[in-house]
Amino acid sequence: QVQLVESGGGLVQSGGSMRLSCAASGGTFSRKIIGWFRQAPGKEREFVANILWGGRGLPGYANSVKGRFTISTDNVNTVYLQMNSLKPEDTAVYYCAARDNWSSEYTYWGQGTQVTVSS
C-alpha cells in the first residue's frame, strides 16, 4: 500500500516561492492521480491541483492558484507543487493525496505540511 510523505513547508514572505514534495513509499504512483489539497484554520479542505502520473493530460488547478502554482513529477516517485507569488491567503496545511485513476475518491493521504505566508 502506497504511503505518501510530504516535505518542503515552512514560513515565507508574501510574494515569495516555495516547493512542496510528495514522495511515494511502499508502492508507486502508477495508474494514479495525485492531488494537492490544503486546509486553512477554520475552513474546509480545498482542492489545489492534480496530475495523472505518467499521463499526457493537462494538470488541473483551482482558480485561486492558476498561474501561480505548478504541479509536476520526477517520473520516479515524487510529485512537486511549485508555489510562486505566494499570498497570505495561501497559508494552510497542504496535503498530498492519491487515488486510483478509475476511482473518484482519494484513498491515500500524506500527513500534511504547514505553509505560512507572512504579509
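Author: Arg 31 has 59% relative accessibility, so Arg 31 counts as exposed; buried means under 20% relative accessible area, exposed over 50%, and partly exposed in between, with a 1.4 Å probe and protein chains only. This is a predicted model, where local features need pLDDT of at least 70, side-chain atom pairs count only at pLDDT 80 or more, and totals for chains, interfaces and linings use all residues. Residues are numbered from 1 along each chain as its sequence is written, and side-chain values use heavy atoms, with hydrogens and water left out.

Reader: Ok, and where is Arg 31 placed?
Author: Arg 31 is in the loop between β3 and β4 (32–39). Strands (E, at least two residues) and helices (H or I, at least four) are DSSP runs numbered from the N terminus.

Reader: What about phi of Arg 31?
Author: Phi there is near 60°, a positive value in a residue other than glycine. Most residues other than glycine have a negative phi. Asn 75 also has a positive phi, of about 60°, and is not a glycine. Asn 75 belongs to the loop between β7 and β8, and at 60% relative accessibility counts as exposed.

Reader: Switching topic, what's the strand order in the open sheet?
Author: The order is β1-β3-β8-β7, 4 strands with antiparallel pairing. Two strands pair if DSSP finds at least two bridges between them.

Reader: Which strands stand at the edges?
Author: β1 (3–7) and β7 (69–73) do, each with a single partner strand, so one side of each is left without a neighbour in the sheet. On average, neighbouring strands of this sheet are turned by 15° against each other, direction ignored. Axes here are lines fitted to C-alpha atoms, for helices over the stretch in contact, and angles run from 0 to 180 degrees between N-to-C directions.

Reader: How many bridges join β3 to β8?
Author: 6 bridges, between residues 18–25 of β3 and residues 78–83 of β8. Cys 22 stands opposite Val 79 in β8. On β1, the antiparallel pairing with β3 runs over 5 bridges, and Leu 4 has Ala 24 in β3 as its bridge partner.

Reader: You mentioned Cys 22. What does a disulfide join it to?
Author: Cys 96, with S to S at 1.9 Å; a disulfide is a pair of cysteine sulfur atoms within 2.5 Å. Cys 22 lies in β3 and Cys 96 in β9 (residues 92–100), so the pair ties together parts that are 74 residues apart in sequence. The torsion about the S-S bond is about -70°, so this disulfide is left-handed.

Reader: Are those cysteines buried or exposed?
Author: Cys 22 and Cys 96 are both buried. Ala 49, in strand β5 (residues 46–52), counts as buried too, at 0% relative accessibility.

Reader: Last one, which classes make up the lining of the largest pocket?
Author: The lining has 2 nonpolar, 2 polar and 8 charged residues. Ala, Val, Leu, Ile, Met, Phe, Trp, Tyr, Cys and Pro count as nonpolar, Asp, Glu, Lys and Arg as charged, and the others, Gly among them, as polar. Lining residues include Arg 38, Lys 43, Glu 44 and Ser 64. On a 1 Å grid over the protein atoms alone, a pocket is an open set of points with protein on both sides within 12 Å along at least five of seven lines, while a cavity is a set where a 1.4 Å probe fits but cannot get out; lining residues have an atom within 4 Å of a point.
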